[in-house]
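My entries follow in the order in which I looked.

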Amino acid sequence: MATIFKSSIGKKLVQSISGAFLIIFLALHVTINFFSVIDSCTGKYGIAAMDEKLFTAGDGLFKLGCDFMSTPVISIMVPVLALGFLVHILWGCWLTWGNIKARGGWRRYEVKSKARTDGWSAKNMFVLGIIIFGFVAFHLTHFWARMQLPELFGIGTFENNPYLLLNATFGKWWVLVLYIIWFGAVWFHLTHGFWSMFQTLGWNNTIWFNRVEVIGIVIVTILCLAFVAVAVNAFLQANMLI
């Protein structure tokens with residue numbers, strides 16, 4: 001265990017594993033959210049029963065997805081993934097600070113392939129992480145503070161209709177723009193982090209490394225485009241443009 005905290009590879013391994021938690025968390029999150037786009041296509045956007053029972057007949061797919069997130073298994077899994085996300089942020093800050101002290105200045109950590117570290121994302125992973133963390137806090141005030149927080153701790157006003165939260169959040173054009181910028185930062189951060197994670201785990205031969213890089217770009221692009229689709233769809237719905 002001490003080796004993990006002392007060796008360079010061990011430190012990166014912790015960051016890679018916690019980064020995998022982040023990707024899984026985002027994949028689960030965007031899958032549920034994208035149900036709202038499907039609801040728009042099927043005419044069920046905004047349909048949510050007033051009762052607090054789970055899986056009420058007639059609810060829109062997005063509402064049913066939010067109910068699924070309230071089931072015991074998911075309620076346990078989500079905090080675990082969120083904890084991995086938090087560890088990723090704090091560990092990344094610690095690694096960056098250690099690199100600054102060790103190298104006497106602001107430098108990114110080094111990997112074998114210098115060409116790949118010359119990319120803009122690689123040079124600015126910490127800055128991108130700070131931007132993402134700031135918007136996560138902003139995002140929590142829109143959804144988590146209105147749904148999960150009141151349900152778990154009885155703090156604040158509980159909102160049982162997730163469509164109203166979508167409309168209230170993305171109905172303002174400037175909020176939509178800020179979220180799209182955030183999704184862009186997530187894309188840059190994850191496209192670099194995805195292949196970096198596999199390199200740390202030893203998948204760094206030329207053939208597989210190139211394949212993993214392409215797979216990572218495809219997966220992250222799908223995730224981010226799905227998030228953008230959710231936000232744009234909610235904006236259009238809130239302003240009655242569709």
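I began with the largest nonpolar core of this predicted model, which holds 42 residues. I looked up which members touch the most others, and found L166, F170, Y179, W182, V186 and L190.

At least two residues each come from α2 (8-42), α3 (61-69), α4 (72-103), α7 (125-142), α9 (162-170), α10 (173-200) and α11 (206-238).

I then took Y179 by itself. Leaving aside residues up to four places away in sequence, I listed F138, H139, H142, F143, T169 and F170 as what Y179 touches.

I also noted another core, lying apart from the largest one and made of 5 residues. F25, L28, V78 and L81 are among them.

I turned to the charged side chains. How many salt bridges are there? I count 2.

One joins K63 to D59, at 3.9 Å from N to O. The other joins K63 to D67, with the closest N and O atoms 2.9 Å apart. I therefore record D59, K63 and D67 as a network of salt bridges, given that a bridge needs the nitrogen within 4 Å of a carboxyl oxygen.

I placed K63 and D67 in helix α3, where 4 residues, about one turn of the helix, separate them.

Definitions and conventions:
Residues numbered from 1 in each chain as written. Predicted model: local features only at pLDDT ≥ 70, side-chain atom pairs only at ≥ 80, totals over all residues. Heavy atoms only, no water. Core = buried A, V, L, I, M, F, W, Y, C linked by side-chain atoms within 4.5 Å. Buried < 20%, exposed > 50% of the residue type's maximum accessible area, 1.4 Å probe, protein only. Contact = heavy atoms within 4.5 Å.
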